[in-house]
Amino acid sequence: MYTYTLVFIQIESQMIMLNRSKSPWMGMWNGLGGKIHQDETPLASIQREIKEELGLEVDTNLIQDRGTLTWNDFEASGQGIHLFYVKLDYINLNFPIQMDEGIIDLKPIHWIIDSNNHGVAPNIKYFLKPIMEYQVDVHCVFESQTLIDVKVTKR
């Protein structure tokens with residue numbers, strides 16, 4: 001059972017990203033999301049997380065299920081993440097946004113996936129572009145919290 005959700009929200013050529021203030025990926029940029037509550041569907045969970053973190057109510061028709069993310073061993077509890085993607089034309093928010101979980105800001109997609117960027121959770125550069133287009137299953141292999149391999153399989 002997958003216990004988390006993660007969404008990447010695109011606005012033009014940028015993504016809404018969170019610089020996390022706690023583990024995992026403390027101090028790194030990542031998508032928005034969180035733990036699925038008991039008796040909550042993954043879709044309801046990510047819709048709630050978007051509301052809690054951005055104050056936005058996003059229609060479920062705009063939230064695209066983009067697959068799953070799993071890993072062999074990592075400090076995050078649970079067995080995996082449901083991945084989601086949303087493309088919006090515009091939102092009326094003033095960035096950056098400071099919150100308990102970190103800082104939310106817009107980041108250019110080319111910056112996020114740049115191989116020289118060490119400030120983004122390391123597996124994102126491998127699956128961000130694919131989830132913008134289609135559903136995937138992503139599996140990451142870690143050794144001592146270092147990313148060794150990422151396999152992205154199109155559904």
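A: Buried means under 20% relative accessible area, exposed over 50%, and partly exposed in between, with a 1.4 Å probe and protein chains only. The model is predicted: local features need pLDDT of at least 70, side-chain atom pairs count only at pLDDT 80 or more, and totals for chains, interfaces and linings use all residues. Residues are numbered from 1 along each chain as its sequence is written, and side-chain values use heavy atoms, with hydrogens and water left out.

By the burial cut-off, both Phe8 and Phe127 are buried. Rings of Phe, Tyr and Trp (its six-membered ring) pair if their centres lie within 6.5 Å; planes under 30 degrees apart count as stacked, over 60 as edge-to-face and the rest as tilted. The structure holds two aromatic pairs. In one, the ring centres of Phe8 and Phe127 are 5.9 Å apart and the planes stand at 75°, so this pair is edge-to-face. Phe8 belongs to strand S1 (residues 4-11) and Phe127 to helix H3 (residues 124-131), 119 residues apart. Helices (H or I, at least four residues) and strands (E, at least two) are DSSP runs, numbered from the N terminus.

Trp25 and Phe142 form a tilted pair, with 6.1 Å centre to centre and 45° between the planes. Trp25 lies in the loop between strands S2 (14-20) and S3 (29-30), and Phe142 in strand S9 (residues 136-143), so the pair ties together parts 117 residues apart in sequence. Trp25 counts as buried at 16% relative accessibility, and Phe142 is buried at 6%.

A charge sits over a ring if NZ of Lys or CZ of Arg is within 6 Å of the ring centre and within 35 degrees of the ring normal. Lys107 lies over the face of Trp111, 5.0 Å from the ring centre. The charged end of Lys154 sits over the ring of Tyr134, at 4.5 Å from its centre.
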